[in-house]
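Thanks for coming. I will go through one structure today and keep to what can be read from the coordinates.

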Number of protein chains: 2
Amino acid sequence: MLNFYTQKVESYLENYRLPVSPVNLYEPLVYFLGLGGKRLRPVLTLIAAELGGKSADEALHAAVSIELFHNFSLIHDDIMDNAPIRRGLPTVHEKWNSNIAILSGDVLLVKAYELISKQNKEHIPDLYHLFNKTAIEVCEGQQMDMDFEIREDVTIEEYIAMIRLKTSVLLGCALEFGFLISNQSVENRKNIYDFGVNLGIAFQIQDDILDLYGDPDKVGKQVGGDVRANKKTLLYLTAEKICKNLNNNKLNILKGTKDLDKKVQETSAFYKEIGVLEETQKYLNYYYDSAMKYLELVEVNSSKDNLHQMVNYLFNRQS
Amino acid sequence: MLNFYTQKVESYLENYRLPVSPVNLYEPLVYFLGLGGKRLRPVLTLIAAELGGKSADEALHAAVSIELFHNFSLIHDDIMDNAPIRRGLPTVHEKWNSNIAILSGDVLLVKAYELISKQNKEHIPDLYHLFNKTAIEVCEGQQMDMDFEIREDVTIEEYIAMIRLKTSVLLGCALEFGFLISNQSVENRKNIYDFGVNLGIAFQIQDDILDLYGDPDKVGKQVGGDVRANKKTLLYLTAEKICKNLNNNKLNILKGTKDLDKKVQETSAFYKEIGVLEETQKYLNYYYDSAMKYLELVEVNSSKDNLHQMVNYLFNRQS
């Protein structure tokens with residue numbers, strides 16, 4: 001069923017014509033948008049629009065605007081993170097150069113705004129208002145993430161605040177776009193938004209867990225990448241907190257382990273041993289449950305099956 | 001009289017509160033917006049709004065949105081041009097770093113959009129529509145400018161097309177913002193826009209000329225900076241064209257001159273000798289005259305004195 005919506009987004013993007021010139025501005029965008037991805041965010045907009053009583057097609061421009069924004073933020077984040085690879089292929093700054101990645105990212109952000117302008121005039125001010133708020137928050141989240149890399153006193157609360165801004169509010173925005181377009185009440189809009197934000201936080205926490213405990217074949221990347229790079233994930237911050245309480249120095253020793261495969265193996269075992277995995281799963285469950293409560297509060301006549309299906313899709317990657 | 005409008009913009013910016021945190025995201029913006037500048041673009045919006053029969057105050061959010069956009073583009077351009085100094089002080093990427101300059105630039109662009117959302121709801125869709133179109137063109141102009149640096153076959157027509165996009169359409173947009181807010185006819189809007197675009201092209205050409213022939217005390221920078229850096233300005237492209245027709249190789253010899261003061265002096269004399277200065281001034285006059293014709297076509301009841309004053313201010317820097 002979700003394929004129905006993904007197809008709509010893919011076919012919109014296939015017919016989406018960017019100008020040909022200047023080649024160095026637009027070619028990187030054609031390349032990057034063609035790298036694929038799950039198109040998760042625009043699908044949420046389409047499902048929400050239908051749930052609110054409109055057709056998916058009536059929300060397509062707005063849905064794809066969210067996808068363009070998401071890709072803009074990836075292009076710029078990749079420069080800042082110095083990431084060479086995205087979806088198995090070279091990032092824009094790697095394939096071209098940083099200047100081209102900056103500027104084509106900029107124009108993609110404006111292109112996202114441009115698509116919003118194609119929705120019905122009556123919805124434009126509200127869509128822009130929510131989009132601006134969300135875009136600002138995403139930038140704030142990215143800055144916090146960069147700040148955390150060089151800080152040694154990051155708390156769990158700060159980490160949750162960061163992933164909320166960097167990745168989760170955009171899911172809320174995507175869903176609320178669908179409800180704005182289907183003229184839902186302010187309360188319904190708030191509830192679907194909060195469903196999205198909590199879902200996003202839970203999803204990001206699951207991502208942290210799968211990075212270390214996921215089946216590498218199913219997760220699609222090397223196990224323990226975060227541990228290898230000493231990334232401050234929720235697992236790490238939880239371990240830090242527990243170790244502090246226990247006066248246990250093992251985390252620092254593990255961090256310095258030169259043999260990276262050994263480091264991953266031992267960290268994985270240690271986290272289980274001192275209850276880090278269990279504690280992190282509690283966070284995941286808390287945000288997952290919050291999301292489901294907000295979804296329950298959404299009052300519509302149609303069935304919420306598609307959203308439940310999406311939730312199952314997102315949280316059963318291993319099963 | 002123009003001071004009246006500049007004051008309004010300055011006082012708006014003084015009261016404009018950016019969030020405090022994340023510090024690394026917003027501090028660079030407070031710094032950069034505080035570097036000053038002529039606030040030319042927002043003043044144009046305010047004058048146009050009054051000319052159209054509204055008060056300047058009714059267009060203030062939109063006016064400052066143009067100024068924020070302009071500053072966003074400067075922050076990102078400075079990274080791409082590797083420019084260490086802006087208005088006598090370090091650029092953002094120099095004072096902080098490139099990542100911070102990318103991200104604070106991004107958020108400033110969104111902040112520009114946010115201000116547009118503060119205008120009356122009835123005007124928001126049209127303001128956004130024009131702003132999107134303009135922002136895309138400015139990015140295209142910047143890309144063309146970067147492409148020109150490594151191209152050896154740039155034509156005069158391409159150069160004019162580049163400065164039109166990179167700098168002039170924003171003046172047109174600033175003026176049309178004022179006319180959109182004062183509910184002017186489509187025809188009036190088109191004419192004030194074209195006035196701005198042509199004015200911008202004339203102004204940029206004047207800038208090229210003053211770089212080599214201006215009084216250094218009045219221009220406020222080293223004479224012949226463009227010649228020293230072998231920049232492809234209108235003077236250079238015109239010289240190239242004339243030399244090609246004359247089968248004259250002197251331009252290439254001048255370009256390679258190691259003694260930079262001598263290079264500037266001899267280029268300056270050579271351009272006069274073969275008629276480059278005169279030809280370039282013809283271009284300037286053409287776009288200046290076009291601008292004035294479009295201004296004439298604008299049909300309003302109030303006096304256009306403020307715009308004429310602005311034009312005099314822009315084109316009498318030397319007198």
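**Backbone, packing and the chain contact**

Let me start with one residue. Arg39(A) has 23 C-beta neighbours inside 10 Å, so Arg39(A) counts as buried, since the cut-off for buried is 20 or more. Please keep in mind throughout that this is a predicted model.

Arg39(A) sits in the loop between H2 and helix H3 (40-51) of chain A. Its phi is near 55°, a positive value in a residue that is not glycine. For context, most residues other than glycine have a negative phi.

Asn82(A) also has a phi near 55°, again positive and again not in a glycine. You will find Asn82(A) in the loop between H4 and strand S1 (85-86) of chain A. Is Asn82(A) buried or exposed? Asn82(A) is exposed, because 11 other C-beta atoms lie within 10 Å and the limit for exposed is 12 or fewer.

Next, the peptide bonds. Most peptide bonds are trans. In chain A, however, Ser21(A) and Pro22(A) are joined by a cis peptide bond, with omega about 0°. Pro22(A) belongs to the loop between helix H1 (2-15) and H2 of chain A. In chain B, a cis peptide bond joins Ser21(B) and Pro22(B), and omega is about 0° there. Pro22(B) is placed in the loop between helix H1 (2-15) and helix H2 (23-33) of chain B.

Now two helix pairs, one from each chain.

In chain A, take helix H12 (residues 234-246) and helix H15 (residues 276-297). Their axes are 9 Å apart, and the helices pack at an angle of about 120°. H12(A) and H15(A) are therefore oblique to each other. The crossing of H12(A) past H15(A) is right-handed. Which residues of H12(A) and H15(A) meet? From H12(A) they are Leu234(A), Leu235(A), Thr238(A), Ala239(A) and Ile242(A), and from H15(A) they are Val276(A), Glu279(A), Thr280(A) and Tyr283(A). Sorted by class, this contact of H12(A) with H15(A) has six nonpolar, two polar and one charged residues.

In chain B, H1(B) packs against helix H4 (residues 60-80) at an angle of about 80°, with the axes 10 Å apart. That angle makes H1(B) roughly perpendicular to H4(B). H1(B) brings Lys8(B), Val9(B), Tyr12(B) and Leu13(B) to the contact, while H4(B) brings Leu60(B), Ala63(B), Val64(B) and Glu67(B). By class, the contact of H1(B) with H4(B) has six nonpolar, no polar and two charged residues.

Last, how the chains meet. How many residues does each chain put into the contact? Chain A gives 31 residues and chain B gives 31 residues. On the chain A side, helix H2 (23-33), helix H4 (60-80), helix H6 (98-116) and helix H7 (124-149) each supply at least two residues. H7(A) gives the most to that side, with 14 residues. The residues of chain A that touch chain B divide into 18 nonpolar, eight polar and five charged.

As for symmetry, chain A superposes on chain B by a rotation of 180° with 0.0 Å of shift along its axis, at an RMSD of 0.0 Å. The two copies are thus related as by a two-fold rotation axis.

Notes
Residues numbered from 1 in each chain as written. Chains lettered and ligands numbered in written order. Predicted model: local features only at pLDDT ≥ 70, side-chain atom pairs only at ≥ 80, totals over all residues. Contact = placed C-beta atoms within 7 Å. Helix = DSSP H or I, 4+ residues; strand = E, 2+ residues; numbered from the N terminus. Nonpolar A, V, L, I, M, F, W, Y, C, P; charged D, E, K, R; others polar. Least-squares fit on C-alpha atoms with pLDDT ≥ 70 in both. Axes fitted to C-alpha atoms, helices over the stretch in contact; angles between N-to-C directions. Parallel < 35°, antiparallel > 145°, perpendicular 65-115°, else oblique. Left-handed = near helix turned anticlockwise from the far one by under 90°.
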